[in-house]
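Dear colleague,

I am handing over a structure for you to look at, and below it you will find my notes on what was found. Please keep it open beside the text as you read.

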Amino acid sequence: MSKMMKAAVQEAPNKLVVKEVPVPEINDNEVLIKVKYTGICGTDHSIYSGKYSAEFLPMIPGHEFSGIVEEVGGNAEGIKKGDRVTADINMSCGHCFYCLRGQKLMCSEFTQLGIHTNGSYAEYVKVPWGQVHILPDSLSMLRGAYIEPLSCVIHSAKAAGIEMASSVAIIGSGLGIPYALLAQHLGATKVILIARNKQKLEMAHEMGVDHVVSVHDVDDPVAHVKEMTEGRGADTVVEMVGTSATYETAWKMVRPGGTLASFGITAPDDAMELKPFDVVLGERKIVGSTAGVGQDWPDAIQFMASGRIDPGRLFSKVVPLENLEKALDELKNDPLLTKVFVSPEVSEEEILNK
Ligand SMILES: [Zn+2]
Ligand SMILES: [Zn+2]
């Protein structure tokens with residue numbers, strides 16, 4: 001009989017059940033990881049409610065994780081039992097039109113661990129060995145579980161081409177905080193973080209984000225950004241909320257010749273108003289980005305291991321696997337919660353930062 005483990009299985013929309021399932025069996029090209037922490041992400045809310053990935057259920061969600069290598073397939077190189085690791089969740093065929101161009105996110109066989117295939121809300125998760133990244137000793141296991149979201153931010157910042165001494169306006173306070181810190185490290189000298197949640201904005205300011213703006217305090221955020229940029233608008237504007245309204249606001253903040261970096265995921269049929277005139281004569285650009293891939297992962301590791309970006313202040317608490325559903329609910333309703341981690345190794349909630 002196969003070895004069993006505890007896992008949170010999304011059996012149907014709004015039906016998340018913690019139960020015993022078989023430990024994944026690995027082949028020669030895979031590695032089995034004993035999960036330490038998994039960060040709860042907005043995507044998990046979408047999977048829970050059935051907005052996203054419903055066709056892949058039943059499935060174990062969870063895609064922002066760290067853990068310890070338990071078992072290594074015969075073909076794996078440079079990885080051994082006991083290594084502290086995280087893993088790139090993005091898998092593709094490796095040889096199609098898109099994969100050959102380094103655009104694996106568009107591959108027709110593209111899948112993400114914990115979104116399309118079984119993830120890390122479990123005691124064990126298996127991944128292809130080539131996706132594994134070893135964590136430096138200076139990086140805590142909690143921070144190891146934050147590499148996936150930071151890699152997404154890095155991917156977007158690269159696509160946006162943030163320049164030194166430039167201005168960057170960011171709408172949204174979730175991943176907007178590490179994005180703002182990253183933009184400052186890349187050399188942007190005027191970084192403006194705009195959001196609703198005052199507590200998170202205060203936290204962002206404490207963490208070193210230069211300018212934070214609450215939408216409750218300004219009549220017109222577009223006019224405010226223009227005021228701060230000599231009337232032009234920002235060189236780069238990043239939309240991280242994912243609604244038509246915030247996309248339209250973000251677009252109005254882009255200076256002529258500037259770039260809108262699109263990060264927030266809208267519903268598939270949401271639309272925004274955009275005047276081609278502003279694109280043609282304003283030479284404005286829109287760049288999309290969906291996930292961190294390839295080098296974005298080692299880059300995220302370096303930013304955190306060096307201490308350049310320390311998300312620790314955002315870490316609210318660790319909860320047992322059994323409390324995942326409760327934590328999903330709390331995250332929707334408690335504005336003071338930022339990052340919550342799930343661990344199969346704890347039996348009680350551990351508060352990290354108040
Ligand atoms: Zn995520
Ligand atoms: Zn492909």
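The notes that follow take up the metal sites, then the domains, and then the salt bridges.

This is a predicted model, in which local features need pLDDT of at least 70 and side-chain atom pairs count only at pLDDT 80 or more, while totals for chains, interfaces and linings use all residues. Residues are numbered from 1 along each chain as its sequence is written, chains are lettered from A and ligands numbered from 1 in the order in which they are written, and side-chain values use heavy atoms, with hydrogens and water left out.

**Metal sites**

Which residues coordinate the zinc ion (ligand 2)? The donors are Cys93, Cys96, Cys99 and Cys107, each through its SG atom, at 2.3 to 2.4 Å, where a donor is an N, O or S atom within 2.8 Å of the metal (3.2 Å for Na, K and Ca), and sites may look incomplete because water is not among the atoms. Along the sequence these donor residues are spaced C-x2-C-x2-C-x7-C. The arrangement is tetrahedral because the four donor atoms subtend angles of 107 to 113°, and four donors count as tetrahedral if all angles lie between 85 and 135 degrees. Cysteine 93 and cysteine 99 are both buried, a word that stands for under 20% relative accessible area, with exposed meaning over 50% and partly exposed in between (1.4 Å probe, protein chains only).

The zinc ion (ligand 1) is coordinated by Cys41 (SG), His63 (NE2) and Glu64 (OE), at 2.1 to 2.4 Å, and its donors follow the spacing C-x21-H-E. Cysteine 41 lies in the loop between strand E3 (30-39) and helix H1 (42-49), whereas histidine 63 lies in the loop between H1 and strand E4 (64-72), 22 residues apart; helices (H or I, at least four residues) and strands (E, at least two) are DSSP runs, numbered from the N terminus. Cysteine 41 is buried, since its relative accessible area is 15%, and histidine 63 counts as buried at 2%.

**Domains**

The chain is divided into domain 1 (4-134 + 310-351) and domain 2 (152-288), with bounds that come from an automatic or database domain assignment. Their C-alpha centres lie 29 Å apart, and the contact (heavy atoms within 4.5 Å) takes nine residues from each of domain 1 and domain 2. About 770 Å² is buried between the two domains, 69% of it given by carbon and sulfur atoms; buried area is the accessible area (1.4 Å probe) that two parts lose on being put together, summed over both. Of the area that domain 1 buries against domain 2, Arg313, Leu314 and Pro335 supply 57%, more than any other three residues.

**Salt bridges**

How many salt bridges does the rule find across the interface of domain 1 and domain 2? There is one, a salt bridge being a side-chain nitrogen of Lys or Arg within 4 Å of a carboxyl oxygen of Asp or Glu. Glutamate 206 and arginine 313 also meet in a salt bridge, at 3.0 Å from N to O. By this rule the count comes to 21 salt bridges.

Glutamate 11 forms a salt bridge with lysine 15, the closest N and O atoms being 3.2 Å apart, and another with lysine 19, at 2.6 Å. Lysine 326 pairs with glutamate 349 at 3.1 Å, and a network of salt bridges links Lys317, Lys326, Glu330 and Glu349.

How values were computed
Four donors count as tetrahedral if all angles lie between 85 and 135 degrees; four count as square planar and six as octahedral if opposite donors are over 155 degrees apart and all others between 65 and 115; anything else is irregular.
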